[in-house]
Amino acid sequence: MSNRRIFVDDNDPAIEYGPGWVFQPLKPGDEALTFTPLYDTLHAFSPSYGLPRSNFTFIYKGSDVTAFFEHGAGNESGLTACTVDGVQKVVAQIGTSVQCTSGVPLADGTHTLFVEVNLETTFDGIQYTPFTGNDAVGDVIYAPMDSELKRQPSWNLSDPMEPLPPGGSFDLDFIGYSLSMYADFAYKFFELPPNSNLTYSIDNYPPQNFTISNPANSLDDSVFQFRVLQTPLYPMGLHHFHLVFRGTNETVPFLLNQIIVQNSTAHGTLNIQPFPTTLSAASSQPTTSPVVSETQQPQGLSDVHTKSHVAMWIGISIGIIAILLLVTGILWYCRRKRRTSGDHEDVVEVVVRPFAISDRRRNSIEKSARLFQSGPNQDHPVHRYHVLPTHVPANDQRESQGESDSTVVTGPPSYHVAEEAA
């Protein structure tokens with residue numbers, strides 16, 4: 001077949017940027033739901049008063065070329081120039097990305113891609129077709145119907161967009177140190193299929209399981225070139241990739257868009273984060289491998305295993321703390337309730353009976369009577385005193401007894417003696 005396309009990441013030194021571009025490394029959790037940078041990096045430009053526009057240039061040996069931009073951060077109207085060798089080319093939105101593409105193949109030779117922007121824009125990378133394999137600068141792209149990519153069952157030539165059926169598989173022998181896999185998705189009204197499971201393996205390493213969901217929605221009904229897998233790093237060399245679709249006809253369909261094999265070492269080995277992070281951890285080391293040493297563990301698998309354990313212990317700790325807080329709250333509530341009940345029991349009932357004569361008043365009257373009897377003026381003539389009886393009505397239960405319960409105070413004995421003498 002013809003030469004495979006090459007991918008050049010936005011962070012590759014072969015791309016020359018004008019002023020104002022900012023490098024943005026991303027983590028999988030920070031990426032948009034419908035757009036994933038191919039290698040977790042972007043270059044962003046925001047116009048300002050002093051810098052209303054900027055550009056970048058890429059020189060290559062090949063034919064067709066395409067530059068990819070994120071849709072939403074900018075649009076086709078923000079690309080004021082998209083030229084190859086000074087000739088304006090096509091700018092269009094395709095799916096969730098904006099593309100500047102040369103269109104028809106170009107003549108043999110060295111070409112220059114020039115892009116200028118005047119709106120807020122994020123740039124992801126470039127794909128181009130070299131004339132020969134020796135002209136390639138970047139990582140190799142395998143299209144779905146590449147002759148080296150074995151599909152089971154075989155492709156239906158009358159329907160090249162047919163998803164991989166349940167139990168279907170892909171196999172690929174490649175030279176490199178890791179690979180990325182991308183798929184296409186479409187949104188259908190009133191259809192929300194459940195997620196699909198897939199399994200992949202590299203050489204004799206234990207199979208890894210992962211899940212895909214449909215990122216398309218009513219606003220972005222077509223999502224192309226969406227990353228679903230990024231393997232860990234393996235030693236540079238020959239490897240075998242095997243993928244099996246574990247879904248059904250009712251789950252999310254898997255339609256392969258491309259596979260990018262990371263094998264360029266011109267600018268050092270890329271350290272791309274494995275994706276997704278929910279891969280099942282490897283249980284043991286491979287027994288044999290044509291290239292990989294038995295004692296070598298691919299970078300990323302141990303990180304996934306460690307992260308899963310960290311998440312587990314964090315969940316257990318949070319659960320224990322929640323239980324302790326709940327028990328403490330219950331004990332505090334019960335203790336306060338008992339304290340409140342005890343306070344009510346300690347209240348002494350006081351009954352007030354109005355209009356009753358107290359013993360204190362009676363004692364005062366008796367003291368007054370003794371004063372008359374033992375006063376200091378007993379040798380002097382005694383005047384006749386009459387102490388009138390006092391009648392105090394009671395309004396309580398003694399009210400029915402009438403005047404018989406009235407209190408009568410009589411004069412002292414000296415008063416009675418004087419009265420008889422008179």
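Visitor: Hi! Are Cys 82 and Cys 100 buried or exposed?
Guide: Both Cys 82 and Cys 100 are buried; buried means under 20% relative accessible area, exposed over 50%, and partly exposed in between, with a 1.4 Å probe and protein chains only. This is a predicted model, where local features need pLDDT of at least 70, side-chain atom pairs count only at pLDDT 80 or more, and totals for chains, interfaces and linings use all residues. Residues are numbered from 1 along each chain as its sequence is written, and side-chain values use heavy atoms, with hydrogens and water left out.

Visitor: Thanks. How many disulfides are there?
Guide: The count comes to one disulfide, taken as a pair of cysteine sulfur atoms within 2.5 Å. Cys 82 is joined to Cys 100, with S to S at 1.7 Å.

Visitor: What about the torsion of the S-S bond?
Guide: The torsion is about 85°, so the disulfide of Cys 82 and Cys 100 is right-handed.

Visitor: And where do Cys 82 and Cys 100 lie?
Guide: Cys 82 is in strand E6 (residues 79–84) and Cys 100 in strand E9 (residues 97–101), so the pair ties together parts 18 residues apart in sequence. Strands (E, at least two residues) and helices (H or I, at least four) are DSSP runs, numbered from the N terminus.

Visitor: New topic: how many aromatic pairs does the structure hold?
Guide: There are 18 aromatic pairs. Rings of Phe, Tyr and Trp (its six-membered ring) pair if their centres lie within 6.5 Å; planes under 30 degrees apart count as stacked, over 60 as edge-to-face and the rest as tilted. Among them is the tilted pair of Phe 56 and Phe 69, 6.2 Å centre to centre with 35° between the planes.

Visitor: Which residues form the aromatic cluster?
Guide: Tyr 17, Trp 21, Phe 45, Phe 56, Phe 69 and Phe 123 form one. Phe 56 and Phe 69 are buried.

Visitor: What sits over the ring of Trp 155?
Guide: The charged end of Arg 151 does, 4.2 Å from the ring centre. The rule asks for NZ of Lys or CZ of Arg within 6 Å of the ring centre and within 35 degrees of the ring normal. Trp 155 itself is buried, at 17% relative accessible area.

Visitor: Last one: is Ile 175 buried or exposed?
Guide: Ile 175 counts as exposed because its relative accessibility is 53%. Its place is in strand E14 (residues 169–176).
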